[in-house]
Amino acid sequence: MNLSTLISIPISILLYIFLPPLLDGVERKVKADIQSRIGPPTILQTWYDILKLISKEVVLSMNPRYVVLTLSLSLTMLISLAVTISYSISLLNLDMYIVITVLILLLAIHSLYLTLYIFSSNPFSIVGTFRIATIDILNEAGLVAFAILTAVSISISRASPRDYLLIAIALTALAIAVYVSQRRLPYDLHEAEPELASGAIIEFSGAVLGFYIYSHLLERYILASIPMIFVAYLMSSTLYLNPVIAMLLIHILASSIYLLYAVISALIGRSRVNLAVKTINFIYFLAIAIWLGVYILWNP
Amino acid sequence: MESLSTDNEFENLYSYLKKISNRFVEEEDHLRIVVENEKLREVAEVLSKTEGVFLRTIAASDERSVNGFYKMYYVFGLDRIHRNIVVEVPLDAENPVIPSIADIVKAADWYEREAHDLIGIKFSGRILHRFVLPDDWPENVYPLRKDYTVQDLVKLYRPEIIAKAREVEAEAAIIIPIGPYHPALHEPEYFELYVRGEKVVGARYVGFMVHRGIEKLAESMKYDQVPFLAERICGICGYVHSTSYCQAVEKALKIHVPERAEYIRSIVLEIERIHSHLLWLGVALHLLGYDTGFMHVWRIREQVMILAEMLTGSRKTYGLNIVGGVRRDIDRDKVNKCVKVLDSIAKEFKEFVEIAMSVPQVKSRLRGTGLLPRNEAASLSLVGPTVRGSGIPRDVRRDYPYAAYKYIDFKPVVRTECDNMARTEVRVEEVFQSIELVKNFLDRLPGGGIAVDSWEPEPYRFGIGAVEAPRGEVIHVIVTGRYSPYRWRVRAPTYQNLPAVPIMLRDVDLADAPITIASIDPCFSCTDRALIINIEKSDVRDVPLVALSLKGSRLLR
């Protein structure tokens, strides 16, 4: 491991830890601009909100064991994920074991969130929990499938136009799966319709809410950077980048994708669970069919 | 105006009514017939079976001090020929019992329950329980009877609040009457949704969380004070209520409002419709998760509010109406500014609608949801965009022309799809229509005065005033008194439309329940007051919420 790699790993980890609330602050300003509003006074506002929430007293309306355990576990796993990805992008190494580890950690984090929702003291939040469970089960199958498909597309690539097209199809589908995983509009169904049911988060306040928001934003950013692992690998094989520059470039790209997602979510409305299932199914099956069609019918 | 006797369809009905009662009065806009108690059901049966007859409102009145009995007024509208049939039924002063017609005329259900609750009318054929009054209201106290003044009622009921405060051992409690509401709701309302999975299989509505007793209050106010009270019925479209009240008094007392005042009223009414529809559209888009649309439509609405302030002196179009005219004129400079702003709103709104209505989630969640079949809409005598979205072209502006609407041709916006999208499209289309109407009125604004010089009240005259509010028909019925209204009956459109909500909610997805409820543009009571209770002194004081809010803001500084 050379000096550049040694430097890039801790920098990347630090970026993972500090960037997400900052990006959320930028997202809020961007959304405000789209909506003809002023928005928060500074892009640091989300950081200020989280710090203020964390400094407030802890009030728990549900069994503390489910909150503290699941939140702390998911936060630890998210940081491990940040470390793993930083390690991977700094080494410019796309090992299949790393891909699988990242995916397993992600699925485990989502399961922990579901546990957190299921044990909510709000009996009506079960509606939101079932909605998000439905979307998660469907989407995570897509997320795993498209991550593997992207890895496979890269590994079989011989730099032909067909292979680049296969990579592009898989990466686009992966970017969509990542978007859905981020629980943005139109798929933010776990906390939808607060007039009727809402979700578990409505019961959180103070420090618990602060930690939840932080871990949720961290997860969003980690998710946004997943397609970048593949981009990093592709770049490493063609441009021979310095690890520090490559890592910084990847964070810039991940931040850009994050903000692109923010803009998209500002332009659409909320779906309904049955409609969402239909849409996601359609998009994923279409992506797989196109990929297979190109692979089988186009012989380079 | 078309004569009743020239319309063959209603000729038979007209002859029948004259035959069944030899006591009738024919006025410009209505035929009043006095019917015996026993014949009411037969009359209701005939009216309900006649195509194109809708129940507009029912008013119960305590007229014992005038003629020795209670009286029920049933106002049926013959929309097509712009006439009302007012069926009057006198009731015994000792035992006011009348047969229920709720099984014949579905729309009569709430009116009967309210008359039972507030004035003590008994309806044979149905058992009625508390509807408007709170559960702890004293037995056998009927607030709209003339036995009680407002002050009597305040003394009779408020001590309960102190007892409750003592129960919770509050030394000096501030009680905000919240009722069964959820922090996420905008107004006090209670819906019980029966859900199987994500499907709503049934629904129940409980309302009247904040009944302010304004009808009673008006009986102790002077004629010219009541418009200011009437406007406070609604925080969004208050002007329709003051106009409706003034028109009822003007009709009863045969006051001829100057034409210029009629135009000014119509201009402000249409401006109110534009801002209300834009407000609704914003809320609807917010409920569909499309907040960008919500923000932009409210940005466009802001120009309308500024326009309203320029014309009336108030963003909320309050304080303009008086009986016999209006208080402020519109000069040439204002006319020009109005036209300029309206053109800009039309252009921006057109661009906005094209974008918002093409958002996939907005389209897919409005289309095919919240179905309200045409026959159900007709049987409940629904009003406004709710009924027009189900293919029935009911609109007071065309059916019972008032103010300046009688000088123009008007065609209501109608959609036949009966779903949430249809009701949305009606409102969107009406915004453009209202802009054109205002420009038309401004263009044709006649000269002359804006109010009658003077008028004299005459007791025990009957008048109906109706206005097409943004949510549908507002109808005020008045029986005049010497210095104040003797009986003032207000019926807002939400009162008529709410019974349709359970029908619309049947089989919708839970996620679409909020937009379906919102699709009638419900307006519950909006102006709650907080009560400060001093247990030591047994003192109860009203404090406007704004005062509490300012106090809170000062504490933060």
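1. In this predicted model, chain B holds an open sheet of 5 strands, ordered E1-E2-E5-E4-E3, with mixed pairing. Its edge strands are E1 (24-26) and E3 (53-63) of chain B, each of which pairs on one side only. Direction ignored, neighbouring strands of the sheet are turned against each other by 15 degrees on average.

2. Helix H12 (residues 332-356) and helix H17 (residues 420-444), both of chain B, have axes that come within 10 Å and cross at roughly 165 degrees. Angles over 145 degrees count as roughly antiparallel, and H12(B) and H17(B) are therefore roughly antiparallel to each other. The crossing in which H12(B) passes H17(B) is left-handed.

3. Which residues make the contact between these two helices? From H12(B) come Val335(B), Cys338(B), Val339(B), Leu342(B), Ile345(B), Ala346(B), Phe349(B) and Val353(B). H17(B) supplies Val428(B), Val431(B), Phe432(B), Ile435(B), Val438(B), Lys439(B) and Leu442(B). By class, the contact of H12(B) with H17(B) has 14 nonpolar residues, no polar ones and 1 charged. A lysine, Lys439(B), is among the residues on the H17(B) side.

4. Turning to the contact between the chains, 24 residues of chain B and 23 residues of chain A take part. On the side of chain B that touches chain A, the elements giving two or more residues are helix H11 (291-312), helix H13 (360-366) and helix H20 (513-518) of chain B. That side of chain B has 12 nonpolar, 6 polar and 6 charged residues. For the model, the scores are ipTM 0.87 and pTM 0.87.

5. How confident is the prediction for chain B? The average pLDDT of chain B is 87, and 87% of the residues score at least 70. Over residues 1-6 of chain B, however, pLDDT is below 50, and this stretch has 10 contacts in the model beyond near neighbours in sequence. Residues 526-535 of chain B also stay under 50, and for them the model has 38 contacts beyond four places in sequence. Where pLDDT is low, the predicted coordinates should not be read in detail.

Terms used:
Residues numbered from 1 in each chain as written. Chains lettered and ligands numbered in written order. Predicted model: local features only at pLDDT ≥ 70, side-chain atom pairs only at ≥ 80, totals over all residues. pLDDT = per-residue confidence, 0-100. Contact = placed C-beta atoms within 7 Å. Helix = DSSP H or I, 4+ residues; strand = E, 2+ residues; numbered from the N terminus. Nonpolar A, V, L, I, M, F, W, Y, C, P; charged D, E, K, R; others polar. Axes fitted to C-alpha atoms, helices over the stretch in contact; angles between N-to-C directions. Parallel < 35°, antiparallel > 145°, perpendicular 65-115°, else oblique. Left-handed = near helix turned anticlockwise from the far one by under 90°. Pairing = 2+ DSSP bridges.
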